[in-house]
Amino acid sequence: MKLKLTALFTLVCTVLATTVANATHIFGADLLYKHISGNTYQIILTLYGDCSADATLFGQLSTATPNVLVYRGATLFTDTLKLRSINGGIEVSPVCPSRIRDTKCSGGLLPGIKQFTYIDTIDLRGTHTGWRFVFNGKLGGTYQAGRSGNITNAYSGTVMQIEATLNNTNGPNNSPVYSTIPTPFYCLNLLQEYNQGATDPDADSLAFSLVPGVDASSSGAPVNYVFPYTAAAPLSTAAGTFRFSDINGQLTFNPDIVQDALVVNKVYEYERGVLVGTSEREMTFIVLDNCGGNPPSSQLNHVVGATVTDGNIINICKGAPFVSFDIDIINPDSDYVKLGYSGLPGASRLNIFNDSTAHPYASFAWNTDTLTTGNYTFFLKIKNNHCPLISNQTVAYTIKVSNKPTINTEQLSPTECVHRSYIKFNLAEGYKPRTVSIYKDGTLVNRITDTADAVFDSLAAGDYTAIVSSDSLCSSTTVFAVADSGRLPLSGFNKTVCKNDTPIQLYVPLLAAGAVIQWYDIAGTPLST
């Protein structure tokens, strides 16, 4: 009997040792790096855990040792980088302070989230255009970062993988700094805003995209999204309400069903036009139907010196002297709202009025006459005191400075005396929508709004002026002529007659009213009849 028990115990231990524990309770993550000195970098992984998960698995996050692989191009540089926890888990639950003890992190019923941060340093011992830092989902031992089984827009059973890249051939680089956490809770059927608040410590230019989640358990293949969802359209929303800005990363949407949606945002860093790094942030957008309130929202008003397009892009042309606007807070529930900001560019000014009341607002102003072309983004933080679930939003505002638009023309077809000519207007620079106004002898002939970098019109022979404008301070002018080709669009014909022959009829079509027919003899001398 003793032998049988021993054998059974050994079998159980063997099975347990080969079982992989997937921590299917991680809401989000981001992987960043920070330059220390020389070619030494600190690698920072942050995981966000759902306190409602199995306590045994969740408890291991505080002592996990995440594995980060480092590649030099396509070659593995090291697989021994084991990050260590530095905070043991900090609660960041989206609840009002008076209810923090009622979250699932403390045994209560409200949503609960903890933030876990892990770091390590590595000496890259050189430079390369394509360093890759890859968190492969391994958290130490047999423990893996499995995505939540509650995700509704992608198939379950996948293991999280995210990465960051570095090009240090022209000098060191740092990942962007985020001012928000990737664990947003949203309310059903209400217009929502999300921005990760990315600012760059090196003042690099940033661009954004939504990319597929990656499954570490499938050799780094993209996860399979449930139809009709895709990486670029990962949320179920009311028709026409989903917008994502690749300029500042602003995501606006009105969720129309309860959902737990996987969303992955990638940030690109450019230094003087050269890509010097990327980083990824994986999130789960959780839409609830029991929020019990309406979150505040923001609205641009009283815009001076600029034109606003989708995604809170405030457009100006280089040399524009001044920009100002107000940001009003729309607050249906009249909760107290506190405003804050980050990333304010240059010598611009943002003043906040009536803060921590039901009706705060902000006023922005900037002397922009010396700005170079590029994007200048700041973030407004909007937080109310609603209980039990608070609303905590970050909204990006980007002042986009463009060169003045340019225009040139191509005549694509001849007039042949009586026809209009097909004219192509080639447009560049400025910002869309651009308007082309066409004048002849001071009179407006046509006005066209562009949808691409070329517009077309049909014009009679003559001299014209075309003005392309993005706004009243952002325009350029060109003068052009539509040449008359000087020949009738007739097929030539020959008819031989002899002197004193019986008269015959020749048919000559009149192509336009008022056309004149002129006869010539064989020597080219005009005939009188």
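**Close-up views of a predicted model**

View 1. Buried means under 20% relative accessible area, exposed means over 50%, and partly exposed lies in between (1.4 Å probe, protein chains only). This is a predicted model, in which local features need pLDDT of at least 70 and side-chain atom pairs count only at pLDDT 80 or more, while totals for chains, interfaces and linings use all residues. Residues are numbered from 1 along each chain as its sequence is written, and side-chain values use heavy atoms, with hydrogens and water left out. Strands (E, at least two residues) and helices (H or I, at least four) are DSSP runs, numbered from the N terminus. Because five of the five residues of β25 (residues 313-317) are buried, the strand is largely enclosed by the rest of the structure. Two strands pair if DSSP finds at least two bridges between them. Strand β24 (residues 307-309) pairs with β25 in the antiparallel sense over three bridges, and valine 308 has isoleucine 314 of β25 as its bridge partner. Strand β31 (residues 392-402) runs parallel to β25, joined to it by five bridges; here cysteine 317 stands opposite serine 402 of β31.

**View 2. An open sheet of four strands.** The strand order is β23-β26-β29-β28, and the pairing is antiparallel. At the edges are β23 (297-304) and β28 (349-353), each of which pairs on one side only. Strands β28 and β29 (residues 361-367) are joined by five bridges and run antiparallel. Phenylalanine 353 has tyrosine 361 in β29 as its bridge partner.

View 3. A salt bridge is a side-chain nitrogen of Lys or Arg within 4 Å of a carboxyl oxygen of Asp or Glu. The structure holds 11 salt bridges. In the one between arginine 281 and aspartate 30, the closest N and O atoms are 2.9 Å apart. Arginine 281 is in strand β22 (residues 274-288) and aspartate 30 in strand β2 (residues 26-37), 251 residues apart. Arginine 281 counts as buried at 1% relative accessibility, and aspartate 30 counts as buried at 3%. Arginine 147 and glutamate 282 also meet in a salt bridge (2.7 Å, N to O). Arginine 147 lies in the loop between β10 (143-144) and β11 (160-166) and glutamate 282 in strand β22, so the pair ties together parts that are 135 residues apart in sequence. Arginine 147 is buried, at 3% relative accessibility, as is glutamate 282, at 2%.

View 4. Arginine 272 forms a salt bridge with glutamate 271, with 3.5 Å between the closest N and O atoms. Arginine 272 counts as exposed at 75% relative accessibility, whereas glutamate 271 is partly exposed, with a relative accessible area of 26%.
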